[in-house]
Amino acid sequence: MEINEIIEIVREAGNIMLSAKRPKVMEKSGHANFCTETDERIQEFLMKRLKEVLPEAEFLGEEEGQDKFLSKMESGFCFVIDPIDGTSNFIYEYRPSVISVGLLRDGEPFMGVVYDPYDDMMFSAEAGHGAYMNGERIMSTDSPLSDCLASFGTAPYYEELRDRSFDIAKKLLPLCVDLRRSGTAAFDMCCVALGRCGLYFELKIQLWDYAAAALIAKEAGCRITDIDGKTLSYRGATSVLCMARGIKDTPDCFLA
Ligand code: IPD
Ligand code: CA
């Protein structure tokens with residue numbers, strides 16, 4: 001299987017996102033945790049088409065289907081899907097929202113595709129083969145943090161992490177040019193990969209938020225770990241700290 005097959009399927013899924021109407025029906029499970037009909041439609045589409053390309057693969061997806069990492073996913077192939085990363089952006093017609101498809105092999109990141117259909121930005125990476133945006137090789141910036149924008153996610157579904165998130169953000173602001181919060185974790189990591197931004201952190205995201213984008217960032221020369229500097233698990237929820245190659249030392253605001 002070629003990564004281009006995944007890219008073409010994800011591009012088609014992008015058309016579903018672009019043609020969807022502003023959703024009327026919203027399900028809410030906890031603070032700001034929405035699922036729309038379009039999340040479900042895109043997930044169904046991706047599962048059907050990706051299964052044709054790689055019939056032996058398992059699936060782990062945010063909406064419907066399997067949403068827990070099972071030990072059987074540690075061997076062989078497993079697609080990890082977020083049909084809309086940035087669902088609240090999607091609902092409020094804020095931008096961007098992206099589609100994220102990661103492929104694990106034996107529990108390790110193997111391929112990743114993240115697509116923003118609004119700006120037609122297709123990010124992709126294969127382990128050991130670099131990161132690309134619309135077919136062009138990308139690299140994270142080699143500028144120091146003081147010359148970079150930095151971004152963070154608010155871990156909106158976890159009230160207990162709110163104070164710590166904003167404490168870190170407050171200390172990070174004077175160390176960088178300014179802070180951003182896009183509304184999609186996958187896109188944030190791709191922006192660090194692209195060199196738009198020097199750093200992204202969030203105290204809790206799920207495997208489907210980072211499975212594809214963390215590989216893209218790594219292949220673009222970023223250092224990507226959890227908030228304590230440990231290797232990402234690729235097994236489920238974790239904190240994430242993604243730093244461009246120019247940021248040599250972990251900034252003080254992340255040191256306990
Ligand atoms: C969310 C987005 C958001 C991040 C949250 C994620 P969703 O994903 O990536 O930027 O702050 O932690 O859960 O719910 O829009 O798929
Ligand atoms: Ca998500």
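**Helix α5 and the fold around it**

Trainee: In this predicted model, which residue follows α5, and what is its phi?

Mentor: Directly after α5 comes Gly195. The phi of Gly195 is positive, with a value near 95°.

Trainee: What share of the residues of the protein chain counts as buried?

Mentor: The chain in question has seven helices and 14 strands. Taken over the 256 residues of the protein chain, the share that counts as buried is 56%.

Trainee: Which radius of gyration does the protein chain have, and what would a compact globule have?

Mentor: Along the principal axes, the C-alpha atoms fill a box of roughly 50 × 40 × 35 Å. A compact globule with 256 residues would have a radius of gyration near 18 Å, and this agrees with the value for the protein chain, which is 17 Å.

Trainee: Among contacts between residues at least 6 apart in sequence, what percentage joins residues at least 24 apart?

Mentor: A contact requires heavy atoms within 4.5 Å. Of the contacts in the protein chain between residues at least 6 apart in sequence, the part that joins residues at least 24 apart is 64%.

Trainee: How far apart are the mean positions of the positive and negative charges?

Mentor: The protein chain carries 28 positive and 42 negative charges. The distance between their mean positions is 2 Å.

Key:
Residues are numbered from 1 along each chain as its sequence is written. Chains are lettered from A and ligands numbered from 1 in the order in which they are written. This is a predicted model: local features need pLDDT of at least 70, side-chain atom pairs count only at pLDDT 80 or more; totals for chains, interfaces and linings use all residues. Side-chain values use heavy atoms; hydrogens and water are left out. Helices (H or I, at least four residues) and strands (E, at least two) are DSSP runs, numbered from the N terminus. The radius of gyration is taken over C-alpha atoms; the globule rule is 2.2 Å times the number of residues to the power 0.38. Buried means under 20% relative accessible area, exposed over 50%, partly exposed in between (1.4 Å probe, protein chains only). Lys and Arg count as positive and Asp and Glu as negative; His and the chain ends are not counted. The place of a charge is taken as NZ of Lys, CZ of Arg, CG of Asp or CD of Glu.
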